[in-house]
Amino acid sequence: VPEEKSKKMSEDGLNRCYNRGCGKTYRDEDNHEKACRFHPGDPFFHDAYKGWSCCQKKSVDFTEFLNIPGCTVSFHSNVKPPEPVKPAKEKPMSPGEVLSVGTETEKRMDKSPVAKEERPRDDLPMISIKSSVGSSLSSALARFRAQSSSQGASAIDESKPLMCVNRSCGKSQSEASDQDSCVHHPGYPIFHEGMKYWSCCQHKTSDFDQFLKQNGCAKGDHKWANAKEAAKIMS
């Protein structure tokens, strides 16, 4: 069986030119180096634009795109250009199959061994962390105290009963006697990733009201102070 020829000719002896942007018919005797005007590049479609890669002429209108004159002059060609390669169809997933998603770097990272950090034991002694105040905050507090004193720090009523300044106690001297134990939190309040708790007992909650209602975890003596002294301690 003879091999099928790539060149086609119609019954009336005319060839069809397959150069992009030409599409005319011609006779072999009329084909010469200036017979065809066409686009040697590929068409592209990007951001609503249609154009040719060979001359960068483009348009948003499809009809205008088809009527863009060729940028190269040469012979007609009745050889069909190769068909574009179609992307391979993905194999359908079977029921229960798990698809692994992630970059190659992420996959390599998942396979690499990760050293696990050992969690400290709960029975280890607690370490007091030294707190530091930044210079900007110190300046702001100094201005606030100066402003408060200028607005009349003497307005504090010294006749009010003494208050306990231990955290979470909140009792006044009129409500409790010196013989009563003070139930309070010796630690500091911590707010981290939406959780509120005390450093001394680690009872965590996301509700602020519940955090304020937490009973103290230690007992001791009350620390009485008048309103002015309590304001200095709590500031």
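**Exercise 1. Work out what share of the chain's residues is buried.**

Solution. Start with the cut-offs: buried means under 20% relative accessible area, exposed over 50%, partly exposed in between (1.4 Å probe, protein chains only). Buried residues make up 17% of the 235 residues in the chain. Next, the surface. Accessible areas come from the Shrake-Rupley method with a 1.4 Å probe; for residues, only the protein chains shown count as cover. The chain's accessible surface is about 19,600 Å², and carbon and sulfur atoms hold 53% of that.

The model is predicted: local features need pLDDT of at least 70, side-chain atom pairs count only at pLDDT 80 or more, and totals for chains, interfaces and linings use all residues. Numbering runs from 1 along each chain as its sequence is written, and side-chain values use heavy atoms, with hydrogens and water left out.

**Exercise 2. Count the helices and strands in the chain.**

Solution. Helices (H or I, at least four residues) and strands (E, at least two) are DSSP runs, numbered from the N terminus. The chain has five helices and 13 strands.

**Exercise 3. Describe the surroundings of Y49.**

Solution. Locate Y49 first: strand β5 (residues 49-52). Its relative accessibility is 36%, so Y49 counts as partly exposed. Contact means heavy atoms within 4.5 Å. Leaving aside neighbours within four places in sequence, Y49 touches F44, K58, S59 and V60. Now test for a charge over the ring: NZ of Lys or CZ of Arg must be within 6 Å of the ring centre and within 35 degrees of the ring normal. The charged end of K58 sits over the Y49 ring, 4.7 Å from its centre. K204 lies over the face of Y197, at 4.8 Å from the ring centre.
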